[in-house]
Amino acid sequence: MWKYLLNRFIQIAVTLFVFFALTYFILDAQPGDITLQYIDNPRFTEEQRLALQRRLGLDRPVTERFIRWFVNTLKGNLGDSYIERRPVMDIIRERAPRTVFLFLTATMIEFFVGYILGKLLAWGRGSAMEYSVTVVGAITYTIFTPWFALIMIWLFGFIFHWFPLGKFLDPNLWRKIPVEAGINANIIFNNLLLTATLVVIVMLVVVALSNKINPRRAIIIRWSGLLFTLTAVFVLWGSYKYGYLGWDIIWHMILPVITLTIINFSGTMLLTRTTMLETLREDYIVAARAKGLPERVVRDKHAARNALLPVFTNLMLTLPFIMAGGIITETIFSWPGMGLTLLQASNSGDIPMVMGAFMFIGGLSLLAHLVTDIAYAYLDPRIRYA
Amino acid sequence: MATTTVDQQLAFKKPLWQIRLQGSWKSIRMNWGLFAENKIGLIGLGIIVFYTVMATLHPILMKTVWDPKVYDPFIGNDMTIYNHPSAPSARHLLGTDPMGRDILSQLMYSTRNEFVLGFVAAIITVVIATSVGAISAYFGRWIDTVFMRLADLINILPFIALLVVLSSFMRMNMWMLALVIGILSGFGGTTIIFKAQALTIMVKPYIEAARVAGGNHWHIIFHHIVPNLMPLAFLNMMFAVTGAIFAEAALSFFGLLNIRVSWGIMIYTTQAAGYMLSSINYWYLIFPAGVSITLLCSAFYLVGRALDEVINPRLRQR
């Protein structure tokens, strides 16, 4: 196991290095640099431009710049963003939680919905319901995301006024807070993130504890556990002086989460359906039926649970892609996360910021691969990493 | 000559190519039967046929009914209407865009581009993925390692984000985009699928027979392994088309591509002119293109799903 992990870490390191080198050289191979954006300004002389170029180190050969960038990155210094004029690390630390929170929430809901629907689809194969849900699912899966997101904003934000049009907080609420309170959006946001993580952990523990007891009683325990946890969260946040700011962020998040869920659920749904169709042909399904188990138990415990593994793998592997697809979602909802930052940075030739954002996304997806492999070993007893 | 040789007596009445044609016709009909059992595939095929008709109609309409000065998708302008965008009318079935161009004409003109882009990208993807998958399964060892690590590397790159970065640093036209999409997905995740399939073909007896008969490496790869990967290739082509059309639309929507007219650009134009959230009154600016992208993408996806059930015996209903 340890040898395997070490091996994987070496592979990850090599892959990341090649990835960074490739991206850096591709970015640099494009003509022009950031200093050229001032070239129309008559007060910006050629000497000034060259001085700026020298100051940013853009007059050096690209190999030297890359090696410098890489060595500094290893030391934890990602450089300064050309546009925002502050360390890239600060920007990532500020915006990454927003992206992660939004997309993790959406992905969890999407996975839950997709798994249950896929289970029902495979079970009712050949029915009219199956055809219609599959067609609708394929359409929402391949729907043109920007267009669909705009329709959602137009419908729920503009016509019904249920949800805000974009951004992740309402500045009017923040204006009333005195500066001395020393509170900023990120504190609230990180608290939200912490709360959500705690809720998930508590729920996982409850589910794990109630796994072995009678399903009917387990359902009661699970629901009351969820209710209790949510009440605790509401009481805690309600007693917090700035709790309404947290609610404001959640309120801004609802529409993007609904949109992402509608777009992504059918990926999980169709995959669950496919894998469950395969498990339904196994002998143990026949055996379970022959034992006289109720159909629901056969479906949920014997068929669906064995179909879960590939679905879970796929979920982990697509997680980075969901976040990268976030470049569209974040732009449309003007959600100031990593995707929007990446788009703005690449549109303005801000190489350190692009590299930082890519490091975040690339590192995350490599981590997802690793977690998948380890989780595989736990979920499937046949796989052991010697 | 009264006597005929045994060979001539046994010889088939028809030439060989005719028999082969019959054989493939028979297998096509059988597979079509399997495919047609699945309604979702037929729905997808119907949508594709509809858009094919649209694409072929455009040049004909431009030659006959439509005046190029008014209906040209790129430089056309209807002078008889004062306010653009104008609502759908008998003259312009889907109205005109903010610059006075006919939306239906733009839509139909772009359809052809979407097809070309989708198929070029898909063919590049499949050609690369099939050959690389077969080669790395056949030779194994370091060739396999290099290609699989390369696939991992491309797999970790977020596809849309990478395309956004690439196209914002260099102006891409449609052919370049098709090439980039094809190469990226050809060397990326698709290769892994093909390699896994090729590995199962490698252990079949006919590969060994071919080797015993003295076939060299390339003969075995391209005459025995690759033909057996073809069904899978056809299936993956469908998904590749979906991916390519979607990527083009997304990049056009951000205004990052150097293309004259496409569905994504039509939405971009609408947004740039500020009609996006105005009201339902301007539905004809954004709905035709948005619905078209969605429908064509999902059509190819549905056909792919249906083909999957034909090719993958474990998914068959019987």
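Analyst: Two residues count as in contact if their C-beta atoms, placed from the backbone, lie within 7 Å. In chain A, residues 24 or more positions apart account for 73% of the contacts with a separation of 6 or more. This is a predicted model, in which local features need pLDDT of at least 70 and side-chain atom pairs count only at pLDDT 80 or more, while totals for chains, interfaces and linings use all residues. Residues are numbered from 1 along each chain as its sequence is written, and chains are lettered from A and ligands numbered from 1 in the order in which they are written.

User: How many helices and strands does chain A have, and what share of its residues is buried?

Analyst: Helices (H or I, at least four residues) and strands (E, at least two) are DSSP runs, numbered from the N terminus, and chain A has 15 helices and 0 strands. Its C-alpha atoms fill a box of roughly 85 × 55 × 40 Å along the principal axes. A residue is buried if 20 or more other C-beta atoms lie within 10 Å of its own, exposed if 12 or fewer, and partly exposed in between, with the C-beta atoms placed from the backbone; by this count 31% of the 386 residues of chain A are buried.

User: How is the length of a helix read, and what span does helix 6 of chain A reach?

Analyst: The expected span of a helix is 1.5 Å times one less than its number of residues. Helix 6 (residues 145–159) of chain A, with 15 residues, reaches 20 Å from its first C-alpha to its last, close to the 21 Å expected, and its buried residues are T145(A), P146(A), W147(A), F148(A), A149(A), L150(A) and I153(A). Helix 3 (residues 62–74) of chain A has 13 residues and reaches 18 Å, close to the 18 Å expected; G76(A), which follows this helix, has a positive phi near 90°.

User: How is helix packing described, and at what angle do helix 4 and helix 8 of chain A cross?

Analyst: Two packed helices are described by the angle between their axes and the distance between the axes. Axes are lines fitted to C-alpha atoms, for helices over the stretch in contact, and angles run from 0 to 180 degrees between N-to-C directions. The axes of helix 4 (residues 88–123) and helix 8 (residues 185–209) of chain A come within 10 Å and cross at roughly 40°. That makes helix 4 of chain A oblique to helix 8 of chain A, since angles under 35 degrees count as roughly parallel, over 145 as roughly antiparallel, 65 to 115 as roughly perpendicular and the rest as oblique. The crossing is left-handed, a term used if the near helix is turned anticlockwise from the far one by less than a right angle, with right-handed used if clockwise. In this contact E94(A), P97(A), R98(A) and F101(A) of helix 4 meet residues of helix 8 including F189(A), L192(A), L193(A) and A196(A).

User: What angle and axis distance describe helix 2 and helix 13 of chain B?

Analyst: Helix 2 (residues 16–37) and helix 13 of chain B pack at about 125°, with their axes 9 Å apart, which makes helix 2 of chain B oblique to helix 13 of chain B. Their crossing is right-handed, and N31(B), L34(B) and F35(B) in helix 2 meet A306(B), L307(B) and V310(B) in helix 13.

User: How many residues does each chain give to the contact between the chains?

Analyst: The contact takes 36 residues from chain B and 41 residues from chain A. Helix 13 of chain B gives the most to the side of chain B that touches chain A, with 9 residues. By class, that side has 25 nonpolar, 6 polar and 5 charged residues, where Ala, Val, Leu, Ile, Met, Phe, Trp, Tyr, Cys and Pro count as nonpolar, Asp, Glu, Lys and Arg as charged, and the others, Gly among them, as polar.
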